[in-house]
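Have a look at the model first, then read on.

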Amino acid sequence: MEIAVQTVINVVLLGVVYILMGIGFAFILNLLGIFNLAHGAIFMSAAYGCYLLVVKLGLPGFAAFPVTVLAAAAFGILVERFLFRPMKADFNRTMMVCIALSTVLVTTFNRFLGTRALAIPPFLAGTTGLGPYRVQTDRILAFCIGIVLLVGIILFVDRSRWGAQMQAVTQNREGAALQGIRFSRVAMLAVSVGFGLAAIGGVFMGTLYNLTPFIGDVTLIKVLMLVILAGLGSFNGIFYVGGLLGLLYGALPVVLPGAVVDALASILVLALLLIRPRGFFGHE
Amino acid sequence: MLLETKGLTKRFGGLVAVKDFDIQVAEGEIVGLIGPNGAGKSTVFNLITGVFPVTSGRVLFDGRDITGKQPEQVARLGIGRTFQLNPLFHEFTVLENVTSSFELHPHSSLFDIFFNTRKYRRNEAFIAERAHEILHVVGLERVADELAKNLPHGHQKMLGVARALATRPRLLLLDEPLSGMNPSEIDTSLEAIRSMRDHGITILIVEHNMQILRLCDRVVVISFGQKICEGSPAEVRANEEVISAYFGADYVC
Amino acid sequence: MKKTAWVSVLMVLMILLAVVPALAGCGKAEETTTTSAPTQTTAGPTPTTAAPSSTETTTAQMETLQIGVILSLTDWFSVVDAAEKMDIEYVAQMINEDGGIKVQGKSYKVELVIEDGKSSLDGNTAAANKLVLDKKLKFVVGPGAFFNLATTPIFEQNKVLHVANYNGLNPAEMNKDTRYAFLGLDPITQQSAALKALKLYYPNVKNVALASEDATFPAFEPHFRALVERTGLTLAGEPILYATQAEDYNPIAAKIKALNPDAVWMPIGIDPTYFGIVKGLRTLGYQGPITFPVDAPSVVGALGDSATGIVGILSKQVEDPYIAAPMKRLLLMGDPKRHVFGLAPNALYLLKHAIEAADSLDPTVVRDKWETLTSLPTLYGDGFPSGNQLYGLPNHAWAHPIPVCLINDGKVEYKPWILPDVTP
Amino acid sequence: MSDMTEIDTTDIRLVPESAVGQEVAQTKSRRWPGLSVLGGLVLVLALLPLGISGSYYMHVLILTFFYVVIASSWRVVSISGQFNIAIGAFMGIGAYAAAIPSVWLHWSPWVTIPLGAVAATIVGALLAYPFARLRTIYYAMGTLFLGYVVINLITAGGKTTGMSTGLGGVEPLFSDRTYYYYLAFGLMLVSLACMYRLEFSRIGVRMKAIAQSHQVAASVGIGERRNRILAVAFGSFFAGLMGAVYCHYQGVASPNSYGLGATLWIIMYVLVGGINSFWGPAVGVGMLLVIPEFFFRDLKGNLPYVTAAILLIIAFTMPEGIVGLLKAITDRVSRRFRRGEVSGDAP
């Protein structure tokens with residue numbers, strides 16, 4: 001029973017992180033048509049950035065968290081302006097740029113901080129009782145922040161002016177341009193929001209687990225799985241499929257040993273993809 | 001009958017695009033399939049050539065049931081076609097567009113091609129010769145080395161026809177061959193189509209431009225996926241229903 | 001107006017961005033400066049620049065002996081090996097300060113040629129090829145872990161004496177035919193110390209849960225089972241295996257806790273996984289002791305006050321009253337708070353003493369002599385051969401006393417070092 | 001929350017259209033300078049072991065030959081419009097199909113190497129069948145997960161595959177590296193000849209036609225599925241063959257040599273060299289593998305910065321890769337030349 005409760009919490013938390021990452025990825029994909037293969041590296045860099053702010057600068061966690069996210073978002077603006085835009089959405093060239101960016105980030109953090117396993121100190125230490133069970137307080141906090149953020153994103157996309165512009169551009173770039181929406185601005189916004197969300201995911205995972213320069217690689221694959229299974233261009237799908245992946249990777253390790261989990265989960269995803277080539281919520 | 005459809009029906013989700021559609025095309029005829037925009041004309045083509053799976057009904061070609069065959073199998077049986085949109089291999093030159101379309105006659109096996117056998121070389125020489133002939137017929141010989149995407153629209157249409165001819169079809173399906181052409185181009189095109197028939201190719205044309213009536217032996221009118229009228233051009237022109245369909249929807253003349 | 005605000009926000013964020021890496025550099029500063037120390041004083045890792053200056057100043061008459069080192073400086077295993085690189089350079093410096101390696105009355109200054117194994121078997125093959133073919137080295141301090149799979153055949157074929165930091169017990173890494181292969185630390189002895197310490201400091205422990213990374217575990221499994229039996233403990237349930245690249249270690253922790261063991265023993269893995277599982281276990285309310293090869297300061301750093309009931313068997317700290325003299329000297333050469341894995345440095349230290357014992361620079365002669373030795377000094381005190389039967393080679397694998405510490409409430413308590421059992 | 005979806009992602013073109021068909025039109029008169037350069041290069045490489053025998057550079061060149069073939073085989077698949085992110089996995093299938101019998105059953109390398117190649121071809125062809133339904137980005141992502149699945153299966157394979165540590169003790173073919181050099185060199189020449197033949201024959205034309213428009217291709221009788229499967233089978237044959245030889249050469253087979261990271265770097269080789277030209281992969285391997293290994297190896301941990309810089313420079317300045325740039329330059333020069341002397345060269 002205890003395992004069951006813990007598993008549910010793990011599943012939900014992993015699901016939230018996946019969804020945050022996935023939405024960020026999808027923003028960039030839908031608006032710019034770029035497969036941001038550096039998403040995992042951004043996730044990792046944000047976790048390290050937060051670690052540096054807290055441990056080296058002594059900032060309290062609650063201050064370091066938003067600073068990290070904003071820094072990542074600002075970095076996103078720079079990346080869009082100086083790396084993505086000159087590539088003119090050419091798949092091959094953006095792929096090269098993303099891999100170069102990812103290589104640089106991973107190598108940098110590996111060079112300077114890679115020699116030991118680090119962790120961001122917990123924002124709220126200790127555990128909290130949920131009925132008879134104990135749960136890490138940070139997990140509950142991360143869960144709450146995650147939910148708030150998800151609701152925030154939904155409202156942002158649906159209600160805000162920027163969200164409306166992004167939707168317009170996604171649906172019809174020329175039409176949006178005729179209405180006076182500047183694509184370059186919306187693209188910048190999309191990339192910065194995408195990077196910001198990746199940073200949030202990174203800080204969550206960094207507080208709950210440990211930092212190595214290579215945590216991004218594993219997460220990147222999960223995000224690709226998520227976006228493809230949900231269907232390119234679908235936002236609603238990301239919520240459902242994110243939950244599914246959280247379930248797979250949160251619950252399967254409880255019943256199966258090590259490498260079998262990855263094998264089984266990835267076979268499952270591949271099978272689903274072959275059955276529904278356009279994903280579950282994508283448009284035909 | 002060379003081509004015959006029986007009760008052809010296609011549903012996209014809840015939408016019925018084509019319903020109980022029957023058409024007969026006899027050997028050596030030019031048949032027009034006309035109707036306003038969105039009437040389901042191109043869908044009929046795509047059903048005949050196997051691009052879309054048929055919901056119900058049958059397609060017979062030369063007495064054989066070809067329902068559910070893959071597009072390339074249909075092509076192999078002798079049905080050539082052109083397309084309304086993306087009618088070409090854009091990145092090939094005009095000549096390559098035609099030579100690459102010589103897939104069926106003469107056919108070279110993988111072995112022949114890979115090991116460059118004498119048969120393959122003979123086939124390729126033959127193809128090169130025939131390709132120039134076809135380009136000469138459709139009047140594109142001068143631009144043989146241009147990239148297809150750089151051609152003007154009318155030439156691209158003609159190249160589509162040339163490509164279809166390279167498959168040596170018995171039946172040629174032309175999808176809106178006149179769209180986007182100016183009157184003088186239309187005249188030459190009609191002339192070219194007529195000469196193809198004289199070479200023994202049966203032709204089924206989809207068009208919403210009524211000019212095509214000048215060419216056809218027989219016309220079938222389709223509206224909202226259903227056949228509303230069939231007969232000689234003169235009969236069709238006089239038909240109330242046809243006129244209302246055209247005036248009601250999208251009048252083009 | 002609006003535009004200027006936008007630009008200024010962007011500027012501020014850009015400055016922040018610039019500050020973060022700079023801080024990273026500062027935080028690293030103590031470590032970087034100390035690493036650069038050996039490069040200046042000895043002919044450490046950069047032979048081209050450092051060698052001439054040091055020959056002039058300190059030992060003009062000394063010849064140099066190049067020793068190859070393979071460590072994974074990029075990709076996932078660099079978490080371990082980047083720290084090893086720093087320490088093996090210090091050991092080289094230490095040896096040179098003591099007058100180098102003395103063979104037949106001559107002193108040879110040690111010069112390390114470090115190659116990047118790129119955390120993959122291919123990368124290690126390339127590195128080994130580079131050392132053997134291009135640099136024509138005769139002595140190599142080999143890679144750690146299972147990477148020996150890739151390098152052993154190359155070294156054997158070219159008759160290069162190689163000392164692995166430790167290995168993965170795969171027969172391809174070391175068997176009766178690989179007579180040039182030596183092993184700085186028999187990995188089973190280390191775990192023997194872990195269980196001994198557990199039994200000594202937590203006498204109530206009767207059964208232990210074994211959790212391990214899955215890939216190398218099958219080779220170790222019989223030995224670990226034998227070890228548990230020899231120590232007088234029992235295994236709680238079956239061993240729990242996990243993939244090296246898991247994202248979330250909580251499910252594994254939950255599985256371990258479900259076995260309800262008296263103690264948890266994690267013999268194989270790398271730090272991130274250990275810490276992830278310990279965090280998970282403590283979160284779930286598991287109170288029993290946990291033992292794994294761990295460096296005390298990093299566990300306190302990563303786990304904070306929740307680092308409780310941990311038996312560490314890797315920690316080497318200056319404060320440790322039981323610390324062996326060479327190890328203390330090594331620690332004092334750089335930032336004493338740094339994370340010392342101390343496996344590659346120890347392999348180099350062993351090699352130095354073996355060469356001196358053989359009094360020759362011919363790898364075959366050194367090998368023959370080494371096979372007759374039954375004691376060699378290590379960084380941890382007197383070393384002894386172990387696992388002769390297991391590897392089918394006499395005195396090729398070595399063991400040494402293992403440091404032990406207990407960690408409670410984020411405080412480290414040092415215990416006398418444990419002499420592990422010899423593996424048959 | 002409404003879907004903001006109408007974007008037609010099938011429009012993301014994976015294999016840029018420009019210049020797909022250009023090489024077919026290459027005139028014979030322009031071939032001679034190229035051929036003589038190529039012949040000279042082959043001659044130099046064939047004689048090189050006399051000079052560098054036994055050195056590390058020989059090892060690098062052997063690896064180069066392997067990767068030239070593998071990168072080229074990826075490009076062969078890509079000319080049929082398939083952006084296959086599983087080429088590493090096919091290489092891995094070849095490697096493990098050779099390594100497992102070699103290690104556990106002690107079969108001779110002369111048996112296991114063809115076995116590896118055949119296994120990769122068969123698996124490639126079988127897997128290509130369901131994947132022929134997927135196009136463009138869906139195909140790319142599908143194969144990405146296919147590669148991930150293969151690596152995960154190898155990793156979960158227990159003692160047979162050695163799991164994530166890899167499989168050691170694969171029997172070597174030769175004891176002398178020079179033989180490996182000539183084997184790899186010979187295999188590279190043969191493989192490149194096969195691929196050249198394929199690309200510039202009617203089969204290649206079919207594949208390029210499908211890449212441009214599968215509907216038009218079908219209307220003239222070029223079957224999409226059949227030709228795409230053929231392309232994958234052909235590509236995975238060479239990938240598997242080289243994977244098998246590679247693992248016998250290295251003596252080990254390890255999953256992270258064949259994973260996503262490895263595959264992405266193989267693709268990078270092709271993109272850097274130029275995806276639209278036959279010699280692109282070879283040039284790309286030279287740029288990203290040979291140059292760092294020869295000139296920057298002493299950077300060790302900083303080496304990735306060099307490769308990243310190369311990638312960025314290429315992405316920013318040469319959208320068509322190095323060969324694309326060279327071709328543009330030679331075109332311009334020859335045009336100017338021709339303008340200077342009217343009909344100067346016309347054999």
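## Ground rules

A polar contact here is a pair of N or O atoms within 3.5 Å; within protein, one must be able to donate a hydrogen and the other to accept it, and residues adjacent in sequence count only if both atoms are side-chain atoms. By that rule, chain D and chain A share 6 residue pairs in polar contact, with both residues at pLDDT 80 or more.

Keep in mind that this is a predicted model: local features need pLDDT of at least 70, side-chain atom pairs count only at pLDDT 80 or more, and totals for chains, interfaces and linings use all residues. Residues are numbered from 1 along each chain as its sequence is written, chains are lettered from A and ligands numbered from 1 in the order in which they are written, and side-chain values use heavy atoms, with hydrogens and water left out.

## Where chain D meets chain A

On the chain D side, 51 residues are in contact (heavy atoms within 4.5 Å) with 55 residues of chain A. About 5,100 Å² is buried between the two chains, and carbon and sulfur atoms give 75% of that. Buried area is the accessible area (1.4 Å probe) that two parts lose on being put together, summed over both.

Which elements of chain D give two or more residues to the side that touches chain A? They are α4 (109-131), α5 (136-155), α10 (260-273) and α12 (303-317), helices being DSSP runs of H or I with at least four residues, and strands runs of E with at least two, numbered from the N terminus. α5(D) gives the most, with 12 residues.

## Aromatic pairs

Rings of Phe, Tyr and Trp (its six-membered ring) pair if their centres lie within 6.5 Å; planes under 30 degrees apart count as stacked, over 60 as edge-to-face and the rest as tilted. Over all chains, the count comes to 45 aromatic pairs. The rings of B:F114 and D:F234 have centres 6.2 Å apart and planes at 65°, so they sit edge-to-face. B:F114 is in helix α4 (residues 110-114) of chain B and D:F234 in helix α9 (residues 224-250) of chain D, so this pair joins two chains. Both residues are buried, meaning under 20% relative accessible area, with exposed over 50% and partly exposed in between (1.4 Å probe, protein chains only).

C:F275 and C:F292 are also edge-to-face, at 6.4 Å centre to centre and 75° between the planes.
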